[in-house]
Amino acid sequence: MVERLKAPINKGSTLTTENTNVAQAGKDVLVEQLSTIVQDERTHVSMVCHIFTIEDGKVASIRTYRNESGIPAG
């Protein structure tokens with residue numbers, strides 16, 4: 001799953017993502033990403049956290065949180 005998030009399909013002319021932290025606890029996998037969006041010559045950078053719940057080898061649910069407050073990661 002982490003390799004899939006690194007795949008070229010997750011990058012484009014207006015959006016790039018970089019996995020900065022990956023951790024697993026039981027059925028849950030946390031992936032933090034640095035998300036950079038370029039639009040109309042403006043750049044917006046934020047941290048995004050995805051929590052994937054894996055059941056029977058498949059993603060059963062996804063929760064996503066975005067840090068729009070400029071709070072440093074970590």
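**Figure 1. Valine 59 in strand β4 of the predicted model.** Valine 59 lies in strand β4, which covers residues 58-67. The model shown here is predicted. With a relative accessible area of 43%, valine 59 is partly exposed, because this class covers values between 20% and 50%. Lysine 27 is 32 residues away from valine 59 in sequence, yet the C-alpha atoms of the two residues are 9.7 Å apart in space.

**Figure 2. The salt bridge between arginine 63 and aspartate 28.** How many salt bridges does the count give? The count comes to one salt bridge. In the salt bridge between arginine 63 and aspartate 28, the side chains meet at 3.5 Å, taken from N to O. Arginine 63 is partly exposed, at a relative accessible area of 33%. Aspartate 28 is also partly exposed, with a value of 28%.

**Figure 3. Phenylalanine 52 in strand β3.** Strand β3 spans residues 42-55 and contains phenylalanine 52. Is phenylalanine 52 buried or exposed? Phenylalanine 52 is buried, because its relative accessible area is 8% and the buried class lies under 20%. The C-alpha atom of phenylalanine 52 is separated by 9.4 Å from that of glutamine 24, a residue 28 positions away along the chain.

**Figure 4. Methionine 47, a second residue of strand β3.** Methionine 47 is placed in strand β3. Its relative accessibility is 14%, so methionine 47 counts as buried. Between the C-alpha atoms of methionine 47 and arginine 66 there are 5.9 Å in space, while the two residues are 19 apart in sequence.

**Figure 5. The hairpin of strands β1 and β2.** Strand β1 (residues 15-25) pairs with β2 in the antiparallel sense, over 10 bridges. Asparagine 21 stands opposite glutamate 32, a residue of β2. The two strands form a hairpin in which two residues lie between β1 and β2. Glycine 26, in the turn of this hairpin, has a positive phi of about 65°.

**Figure 6. The hairpin of strands β2 and β3.** The pairing of β2 with β3 is antiparallel and extends over 12 bridges. Isoleucine 37 has histidine 44 in β3 as its bridge partner. Two residues lie between β2 and β3 in this hairpin. Which residue in the turn has a positive phi? It is aspartate 40, with a value of about 50°.

**Figure 7. The setting of the close-up views in the whole protein.** The protein has one helix and four strands, and these elements follow the order α-β-β-β-β from the N terminus on. Of the 74 residues in the protein, 23% are buried. The protein exposes about 5,400 Å², and carbon and sulfur atoms supply 53% of this area. Among contacts between residues at least 6 apart in sequence, 18% join residues at least 24 apart.

**Figure 8. Confidence of the prediction along the protein.** The mean pLDDT of the protein is 83, and 76% of the residues reach 70 or more. Which element has the lowest mean pLDDT, and which the highest? Helix α1 (residues 2-6) has the lowest, at 68, whereas β4 has the highest, at 91.

How values were computed. Residues numbered from 1 in each chain as written. Predicted model: local features only at pLDDT ≥ 70, side-chain atom pairs only at ≥ 80, totals over all residues. Heavy atoms only, no water. Buried < 20%, exposed > 50% of the residue type's maximum accessible area, 1.4 Å probe, protein only. Salt bridge = Lys/Arg side-chain N within 4 Å of Asp/Glu carboxyl O. pLDDT = per-residue confidence, 0-100. Pairing = 2+ DSSP bridges. Contact = heavy atoms within 4.5 Å. Areas by Shrake-Rupley, 256 points an atom, 1.4 Å probe, with all protein chains shown as cover.
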